[in-house]
Amino acid sequence: MSEEATEVKTYSEEEYVGVKSKLDEFRSNNVKLMKDMEALTSKFEGIDVEAYNDMKSKQEAMKEKKLIDAGKIDELLAEKTKQMREVHNVELEKTNQVNASLQDQLAKLVIDNAVRDSAVKAGVVETGMDDILLRSKSVFSLQDGKAVPTDAQGNTIFGHGTSEPMSVNEWVKSQMDIAPHLFKASSGSGSKHNARPNGVAKQNLTAIQKLEQGFAK
């Protein structure tokens, strides 16, 4: 029984550093989250939250009554304003976090769709699509609604012969030189993927292969 050859996915040093950096960041965030949860659980262990909130409400009511009885209305209003501002700031922070998360999800969706569309047009094989998408995550970010590529140092990668950022389409095509195994073999005579295999002599090629290689006489 013959064994199927396993494709080896290759990455450039720059791509490897980018992907490793994101994985390290993800792992670090998870560790921090676990520690924060453990600290929070330990802090409130054995505390009746409902009873605490009830007691806090009663203390606030007593404090307000004392200020009213003492005629300190301005002080009471200032305290209420401060509390409302604090609540507003907390809610605003939550809203900003949700917006940031949605923006991040939108950026990933826009970039993934653009890379997938260009990859299909460039002839990326179905089994190589995830690889191309993974490579793109360490390169592209959404800026002003456009997918812009940057290197490991954060510098913009420009297109060939232009001062504009490299397009997704050009970047996908550039992967042919880096990872040709991700692309379908072309039947065109000038295709890199249709070159004569190493070790095959010219005289051993079929007539069709000679025509394809431009050797027919």
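## Overall build

Residues 24 or more positions apart make up 49% of the contacts in the chain with a separation of 6 or more; a contact means heavy atoms within 4.5 Å. This is a predicted model, in which local features need pLDDT of at least 70, side-chain atom pairs count only at pLDDT 80 or more, and totals for chains, interfaces and linings use all residues. Residues are numbered from 1 along each chain as its sequence is written, and side-chain values use heavy atoms, with hydrogens and water left out.

The chain has six helices and two strands. Their order from the N terminus is α-α-α-α-β-β-α-α. Helices (H or I, at least four residues) and strands (E, at least two) are DSSP runs, numbered from the N terminus.

## Surface and burial

The chain has 217 residues, and 19% of them count as buried. Buried means under 20% relative accessible area, exposed means over 50%, and partly exposed lies in between (1.4 Å probe, protein chains only). The accessible surface of the chain is about 16,700 Å². Carbon and sulfur atoms hold 55% of that surface. Accessible areas come from the Shrake-Rupley method with a 1.4 Å probe; for residues, only the protein chains shown count as cover.

## Helix α1

Helix α1 covers residues 13-43, M34 among them. M34 is partly exposed, because its relative accessibility is 47%. L33, M34 and M37 form a nonpolar patch on the surface, with about 310 Å² of accessible area together. Patches are made of residues with over 30% relative accessible area and no salt bridge: like charges are joined within 9 Å, nonpolar side chains (Val, Leu, Ile, Met, Phe, Trp, Tyr) within 5 Å.

G18 also sits in helix α1. G18 has a relative accessible area of 15%, so G18 is buried. G18 and Q153 are 135 residues apart in sequence, yet their C-alpha atoms are 9.6 Å apart in space.

## Salt bridges

The structure holds six salt bridges. A salt bridge is a side-chain nitrogen of Lys or Arg within 4 Å of a carboxyl oxygen of Asp or Glu. One of them joins the side chains of K32 and D36 (3.0 Å, N to O). K32 and D36 are four residues apart in helix α1, so about one helical turn separates them. K32 is exposed at 51% relative accessible area, while D36 is partly exposed at 40%.

Another joins K108 and D104 (3.3 Å, N to O). K108 and D104 are four residues apart in helix α3 (residues 73-122), so about one helical turn separates them too. K108 is partly exposed at 47% relative accessibility, and D104 is partly exposed at 39%.

K137 and D112 also meet in a salt bridge (3.2 Å, N to O). This pair links distant parts of the chain: K137 lies in helix α4 (residues 129-137) and D112 in helix α3, 25 residues apart. K137 is partly exposed at 37% relative accessibility, whereas D112 is buried at 17%.

## The hairpin

Strand β1 (residues 140-143) and strand β2 (residues 146-149) pair in the antiparallel sense over four bridges. Two strands pair if DSSP finds at least two bridges between them. L142 has A147 in β2 as its bridge partner. The two strands form a hairpin with two residues between them. In the turn, D144 has a positive phi of about 55°.
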